[in-house]
Amino acid sequence: MADTFFATTSSGENLYRFLVALFAFVVVIIATYYVSKWMAGYQKTRMTGHNFEVIDSLRIGTNKYFMLVRVGRNKYYSIGVGKDEMVMLGELSEDEVVLFHKDSDAKSGRERMDFSGLLASFRLKQDSGADHEE
C-alpha cells in the first residue's frame, strides 16, 4: 500500500501535465487580451456622440486633477476633480483656450498629438538656441 501512495510518475506523464498547463495558460492570456480589447471598444463607442469632452487635465496630487472640459460646441469650463468631489473653477471663452496642434486620426475619430511636429519644433528651438550662444 505504501508503494502505491509514493509511486513516482513517469517523465512522459510530467511532460503531458506541463503541456496541458502551458496550453491552459496561453488560452487564458489570449482570452484576456481579446476581452480587454472588446471592452475598450465597447467603452469607446459608449463615449462617442456625447456633448462632453475632456480637453486637458493636470494631476496636482493623489486623486486630484485640474481639468479643462468642453461642453457642447464651444463652452469651456475649468474644473477641479478630487476623489469625492468636483468643483467648477470657472468658465473660459473659446478665445482663452489654447488648443495644441493635433493631427486628426480618421480611424478612431479622435485627435492625437503629432509627434513629428513636436520633434521638429524642439529641434528648431535647439538650433536657434545654439545660434544665440555663439
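**Reading the model step by step**

Reply: The protein chain exposes about 12100 Å², of which carbon and sulfur atoms supply 60%. Please bear in mind that this is a predicted model.

Me: What share of the residues of the protein chain counts as buried?

Reply: Burial is judged by relative accessible area, and buried means under 20%. In the protein chain, 7% of the 134 residues count as buried.

Me: Which helices and strands does the protein chain have, and what pattern do they follow along the sequence?

Reply: The protein chain has three helices and six strands. Read along the sequence, the pattern is α-α-β-β-β-β-β-β-α.

Me: How should I read contacts in the protein chain between residues at least 6 apart in sequence, and what share of them join residues at least 24 apart?

Reply: One looks at how far apart in sequence the touching residues lie. Here 7% of the contacts between residues at least 6 apart join residues at least 24 apart.

Me: How many aromatic pairs does a search of the whole structure find?

Reply: The search finds two aromatic pairs. To classify a pair, one reads the angle between the ring planes: under 30 degrees counts as stacked and over 60 as edge-to-face. The rings of Tyr33 and Tyr34 have centres 5.0 Å apart and planes at 80°, so this pair is edge-to-face. Trp38 and Tyr42 form a stacked pair, with 5.8 Å from centre to centre and 20° between the planes.

Me: Where do Trp38 and Tyr42 lie, and what separates them?

Reply: Both belong to helix 2 (residues 11-47), where they are four residues apart and thus separated by about one helical turn.

Me: Are Tyr33, Tyr34, Trp38 and Tyr42 exposed or partly exposed?

Reply: Exposed means over 50% relative accessible area. Tyr34 counts as exposed at 54%, and Trp38 is exposed at 56%. Tyr33 is partly exposed, with a relative accessible area of 47%, and Tyr42 is partly exposed at 39%.

Me: In what order do the four strands of the open sheet lie, and is the pairing parallel or antiparallel?

Reply: A sheet is read strand by strand, from one side to the other. The order is 1-2-3-4, and the pairing is antiparallel. Strand 1 (52-61) and strand 4 (86-92) each have a single partner strand, so one side of each is left without a neighbour in the sheet. From one strand to the next, the twist averages 20°.

Me: How many bridges join strand 2 and strand 3, and how many residues lie between them in the hairpin?

Reply: Strand 2 (residues 64-71) and strand 3 (residues 75-81) pair in the antiparallel sense over seven bridges. They form a hairpin with three residues between them, and Gly72 in the turn has a positive phi of about 75°. Val69 has Tyr77 in strand 3 as its bridge partner.

Me: Which side chains make polar contacts with the side chain of Arg70?

Reply: Arg70 is placed in strand 2 and stands opposite Tyr76 in strand 3. The side chains of Arg70 and Tyr76 make a polar contact of 3.1 Å, and another polar contact, of 2.3 Å, joins the side chains of Arg70 and Glu53. Beyond residues up to four places away in sequence, Arg70 touches residues including Asn51, Phe52 and Ile55.

Me: Over how many bridges do strand 3 and strand 4 pair?

Reply: These two strands pair in the antiparallel sense over six bridges, with Ser78 opposite Gly90 in strand 4. Strand 3 and strand 4 also form a hairpin, with four residues between them.

Note on methods: Residues are numbered from 1 along each chain as its sequence is written. This is a predicted model: local features need pLDDT of at least 70, side-chain atom pairs count only at pLDDT 80 or more; totals for chains, interfaces and linings use all residues. Side-chain values use heavy atoms; hydrogens and water are left out. Buried means under 20% relative accessible area, exposed over 50%, partly exposed in between (1.4 Å probe, protein chains only). Contact means heavy atoms within 4.5 Å. Accessible areas come from the Shrake-Rupley method with a 1.4 Å probe; for residues, only the protein chains shown count as cover. Rings of Phe, Tyr and Trp (its six-membered ring) pair if their centres lie within 6.5 Å; planes under 30 degrees apart count as stacked, over 60 as edge-to-face and the rest as tilted. Two strands pair if DSSP finds at least two bridges between them. Axes are lines fitted to C-alpha atoms, for helices over the stretch in contact, and angles run from 0 to 180 degrees between N-to-C directions. A polar contact is a pair of N or O atoms within 3.5 Å; within protein, one must be able to donate a hydrogen and the other to accept it, and residues adjacent in sequence count only if both atoms are side-chain atoms.
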